[in-house]
Amino acid sequence: MALWPPRSRDFRAGEGQDSVPACAPRPPEPLIYDYGIELACQKQKEFVKNSVECKWSLAEAQQKLGSLALHNSESLDQEHAKAQTDASELREREEEWRQKEEALIQRETHNLWNPDSVSKDVFNKSFINQNKIQETEDEDKSKSFMQKHEQKVRHFDFEASFIRLIDKVTNGSRIEINQTGTTLYYQPGLLYGGVLEHDCSPHRSIGYYLESLLCLAPFMKHPLKIVLRGVTNDQVDPSVDVLKATALPLLKKFGIDGDSFELKITRRGMPPKGGGEVIFACPIRKALRPIQFTDPGKIKRIRGTAYSVRVSPQIANRIVDSARSILNKFIPDIYIYTDHMKGASSGKSPGFGLSLTAETTNGTFLSAELASNPQGQGTAVLPEDLGLNCAKLLLEEIYRGGCVDSTNQSLVLLLMTLGQQDVSKVLLGPLSPYTIEFLRHLRSFFQIMFKIETQPTHEELKGGEKVLMTCVGMGFSNLSKTIK
């Protein structure tokens, strides 16, 4: 027997044997619906219980009939007649309870579709459209997920900002993201370029976006000139100062050069609020030339920039003094600029930092940098400690050696892969974990594999183990370049 779910009904006194007794107090009007549901549930349970009891009694009577047929005694006929009488009574009782149950279901169905039997508020909660309710529940779950992980979603909005940037520099890209932001479908378009502006997320430095633009800008249809706003220096990504000092000279070795090739800081912005502004302009090239960059040379000079934003100008001087106290022991040609921004060019948050670059006799640039903790995060950093630690990081980078510093290892490998169908070689220091993973991506996307040779350490190449990377370029050509 099917167990029907209880439905709404308006029980009133004098409506039949199933109605509320006249002596029972009538519930308040807003509670009629709930009271009816509760009473219907009780009736339903009673009907089901009695029906089940009847079925059990009927089964026992039939079993008794069967057992009596196996015995031969004088009272067999009497027992048989009594058992038949009991079975007939049980069938009648079962039929009676079944009719009552059907009558109750019919009355509940009639009252459910009668808007007069329920209040307006209850009718608004009708369960008629189950699909709509499911959609509402999914939407509520999505909202609760976003509210629960609001801080994490806000923290990773730099990824959405990066996708918007890629959409700006391309033409015909198709991007689809689901409601929770956990699935991304991206169909790339053509690299278009042009004059653009973009507001970067303050949760990552502008260097996070520049690293990708440096890889794509030479292959645009039109020369790229873009204004990026946000954080110029932080503790996570390469700063604009380091990319300007190391990445631009590296691109020039592949033939990417010209008067319009520049990276300029117009305003500095420190985390967490940013407020900096950078102008990046890059010419386009049809093809990249192969390189043979295997001799790093010797360090001939060190340059750097000590910057301070919305703090005392003396902090930058203290940073310079502490850094020079270590570097002066190795080389005399050291010059560290002080950059103190004031007013509108100082961004929205205070901070300070130092970036250092060592240049060799063969045009190799090795860099290191440090920045203070963001306002309200972590403990305060002394300018003297920051200068000392940054100088030590530069010495460590020099010890690692190679013709390209660890920040730009992936960039040089990508440009070698996209170069002409000729042999390119570059000498690197120990490969970083990021570079190792990047090599796997190059094999997956371009089917290019590098020959990796470990170079023994000798008197000319002191420091860490060096790795000679060799490959044959795939011969990529910029077909989108405008022909003049």
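**View 1. Strands β10 and β12 pair in the antiparallel sense over 10 bridges.** Strands, like helices, are DSSP runs numbered from the N terminus (strands E, at least two residues; helices H or I, at least four), and two strands pair if DSSP finds at least two bridges between them. Within this pairing, L354 of β12 is the bridge partner of A306. The model is predicted, so local features need pLDDT of at least 70 and side-chain atom pairs count only at pLDDT 80 or more, while totals for chains, interfaces and linings use all residues. Residues are numbered from 1 along each chain as its sequence is written, and side-chain values use heavy atoms, with hydrogens and water left out.

**View 2. Strand β12 is covered on both faces.** Because 10 of its 10 residues are buried, β12 is largely enclosed by the rest of the structure; buried means under 20% relative accessible area, exposed over 50%, and partly exposed in between (1.4 Å probe, protein chains only). One side carries G351, G353, S355, T357 and E359, and the other F352, L354, L356, A358 and T360.

**View 3. Strands β12 and β13 form a hairpin with 4 residues between them.** The two strands run antiparallel and are joined by 7 bridges, β13 comprising residues 365–371, and E359 stands opposite F365 of β13. In this hairpin, G363 takes a positive phi near 85 degrees.

**View 4. The buried residues of helix α9 pack against β10, β11, β12 and α10.** Among the residues buried in α9 are I315, I319, A323 and L327.

Conventions
Contact means heavy atoms within 4.5 Å.
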